[in-house]
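Colleague: I would like to go through this structure with you. May I begin with the backbone and then move on to other topics?

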Amino acid sequence: MTTDHAFPDATPWDIGTHDDKLREECGIFGVLGVRDAAATVALGLHALQHRGQEAVGITSFDGQEFYSRKGLGHVAANFSSSSMLAELPGSMAAGHVRYSTTGGAGVRNVQPLFADLASGGFAIAHNGNISNAMFLKRDLVRKGAIFQSTSDTEVIIHLVATSRYPTLLDRFVDALRLVEGAYSLICMTPQGMIACRDPLGIRPLVMGRIGDAIIFASETVALDVVGAEFVREVEPGELVQVGLDGTLSTHRPFGTPAARPCIFEHVYFSRPDSLMGGNSVYQVRKAIGMQLALESPADADLVIPVPDSGVPAALGYAQQSGIPFELGIIRSHYVGRTFIQPSDGARNADVKRKHNANRALVAGKRIVLIDDSIVRGTTSLKIVQMMRDAGAAEVHMRIASPPTEHSCFYGVDTPERSKLLAARMDVAAMAEFIHADSLAFVSIDGLYRAVGEARRNPDCPQYCDACFTGDYPTRLTDLAERENPDQLTLPVEKVA
């Protein structure tokens, strides 16, 4: 069984998308073989906080029992003291930072999820999205399964529990064969830890070491922060099994299909100081900016990033174009996630609380604004207006990704397609909507060149780029289920 410490009275975060950004799925971190493993996990999760700011959880195992602590909000709010971490003894632990893409808010959906199976305790932390979870859940409920959360991750637990294979590893593989979509998983059992990626490697997962201890994390930056050595990426479709004695074995039950990792990790999700697919994320983002300058030059005085995600691309644009780079927008680092606001006026004030024009620099200048993406367009409209209010003579917008025309079903919280600006308008109309003098996006081939490819292979794309192209690499079984009023779900929790 697990000893669980949850905190339902934490501050209720707004899970709406008021700031018009794609939300960063989730982040996972696990370690086996260090004293006070939970402290290492908490430190690793700090480095992954950008991937999920709604909730955090850590589960540990001391050789006899599983322990869990979960809460809403940031890592620091829930794991900031030795007394908190003392509730999580043991040399094996895994943790999760969450932004909900499936299932909604509430402590019961905070991971790692835990269940007592016939083989013993089983804890799982998941980054990604199961695109046939509703279909599988419907079948499981008909067979008598009782769900305790609204998270798609719980489907995996039930599939493992009901598999008839003799060993836990075989039951785990049997469960994953039924699953569609994207996943990186870290699982804990009384025998050790299992880490794996989906067969296409859509979601990232890396492996590292601290001495004899093994670490798994969503990004290499988390290894850096805890002082671990980067060993390698977990390969697409690979399962890495680590025993409590440190014995390591790998399994390839899904063959070796052509990988399709998420290209938006390079554009926005990953921290710039991470490595992704052997490439520096920072250098890739600069290279995207250079491609933008080659493809869509502008006659301007200054290149200005929309902070912070637009900074590397703006540096690349400035270097390639020869136009000076300047910080024309100053971001406040003391504004947290946007709370639910009572009026449109209050919501509009959020942009000004987060960003302010450097008026003395901008006034009278022709500027090129660099941002990573346009989703609904509302933030771009406000930023462009901010520059005009500060006296900019011209405002040219350049975007370090192709137009986001399609929704993601692999663990990124995107609006439905009808709310995506690029799905409703061409580029000229988008420029008019945001009141920019000109607007341009990097081409899909330009994006591929920035990550080291000659061009996109339309017959077998090297990355998952469905949000730009609509070319989804897996089936999307639950799309029809989303509009079914009889869908099975638990009521949404209200957090006091």
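Colleague: Is His 435 buried, exposed or partly exposed?

Modeller: His 435 counts as partly exposed, because its relative accessibility is 44%. Please bear in mind that this is a predicted model.

Colleague: Where does His 435 lie?

Modeller: His 435 is in the loop between α15 (427–434) and β22 (438–441).

Colleague: And what is phi of His 435?

Modeller: Phi is near 65° there, a positive value in a residue other than glycine. Asp 36 is also not a glycine and has a positive phi, of about 50°.

Colleague: Where is Asp 36, then?

Modeller: Asp 36 sits in the loop between β2 (26–32) and α1 (37–47). With a relative accessibility of 52%, Asp 36 counts as exposed.

Colleague: Still on the backbone: which residues does a cis peptide bond join?

Modeller: Gln 111 and Pro 112 are joined by a cis peptide bond, with omega at about 0°. Pro 112 belongs to the loop between β5 (92–98) and β6 (113–117). A cis peptide bond also joins Pro 307 and Asp 308, where omega is about -5°. Asp 308 is located in the loop between β17 (302–305) and α10 (311–321).

Colleague: Gln 111 is of interest. What does Thr 153 touch?

Modeller: Residues up to four places away in sequence aside, Thr 153 touches Gln 111, Leu 113, Ile 124 and His 126. The side chain of Thr 153 also makes a polar contact of 2.9 Å with the side chain of His 126.

Colleague: Which helix holds Thr 153, and is the residue buried or exposed?

Modeller: Thr 153 is in helix α5, which covers residues 153–162. Its relative accessibility is 1%, so Thr 153 counts as buried.

Colleague: How does α4 pass α5?

Modeller: The crossing of α4 past α5 is left-handed. The axes of α4 (residues 133–142) and α5 come within 10 Å and cross at roughly 45°. The two helices are therefore oblique to each other.

Colleague: Which residues make that contact?

Modeller: On the α4 side they are Ala 133, Leu 136, Lys 137 and Leu 140, and on the α5 side Val 155, His 158, Leu 159 and Thr 162.

Colleague: What about α9 and α10: how do they cross?

Modeller: The axes of α9 (residues 281–295) and α10 come within 6 Å, and the crossing angle is roughly 45°. α9 and α10 are therefore oblique to each other. In this case α9 passes α10 in a right-handed crossing.

Colleague: Which residues of α9 and α10 meet?

Modeller: Among those from α9 are Tyr 282, Arg 285, Gly 289 and Met 290. Those from α10 include Pro 312, Leu 315, Gly 316 and Tyr 317.

Colleague: Let us change topic. How many disulfides does a search of the whole structure find?

Modeller: The search finds zero disulfides.

Colleague: One more residue, please. Where is Ser 373, and what does it contact?

Modeller: Ser 373 is found in the loop between β20 (366–371) and α13 (378–389). Apart from neighbours within four places in sequence, Ser 373 is in contact with Phe 264, Ile 399 and Ser 401. A polar contact of 2.7 Å links the side chain of Ser 373 to that of Asp 372. Ser 373 is buried, its relative accessible area being 4%.

Colleague: Finally, how many helices and strands does the chain have, and what share of its residues count as buried?

Modeller: The chain has 17 helices and 22 strands. Of its 496 residues, 56% count as buried. Among contacts in the chain with a separation of 6 or more, 70% are between residues 24 or more positions apart.

Technical notes. Residues numbered from 1 in each chain as written. Predicted model: local features only at pLDDT ≥ 70, side-chain atom pairs only at ≥ 80, totals over all residues. Heavy atoms only, no water. Disulfide = S-S within 2.5 Å. Helix = DSSP H or I, 4+ residues; strand = E, 2+ residues; numbered from the N terminus. Buried < 20%, exposed > 50% of the residue type's maximum accessible area, 1.4 Å probe, protein only. Polar contact = N/O pair within 3.5 Å; in protein donor to acceptor, adjacent residues only side chain to side chain. Contact = heavy atoms within 4.5 Å. Axes fitted to C-alpha atoms, helices over the stretch in contact; angles between N-to-C directions. Parallel < 35°, antiparallel > 145°, perpendicular 65-115°, else oblique. Left-handed = near helix turned anticlockwise from the far one by under 90°.
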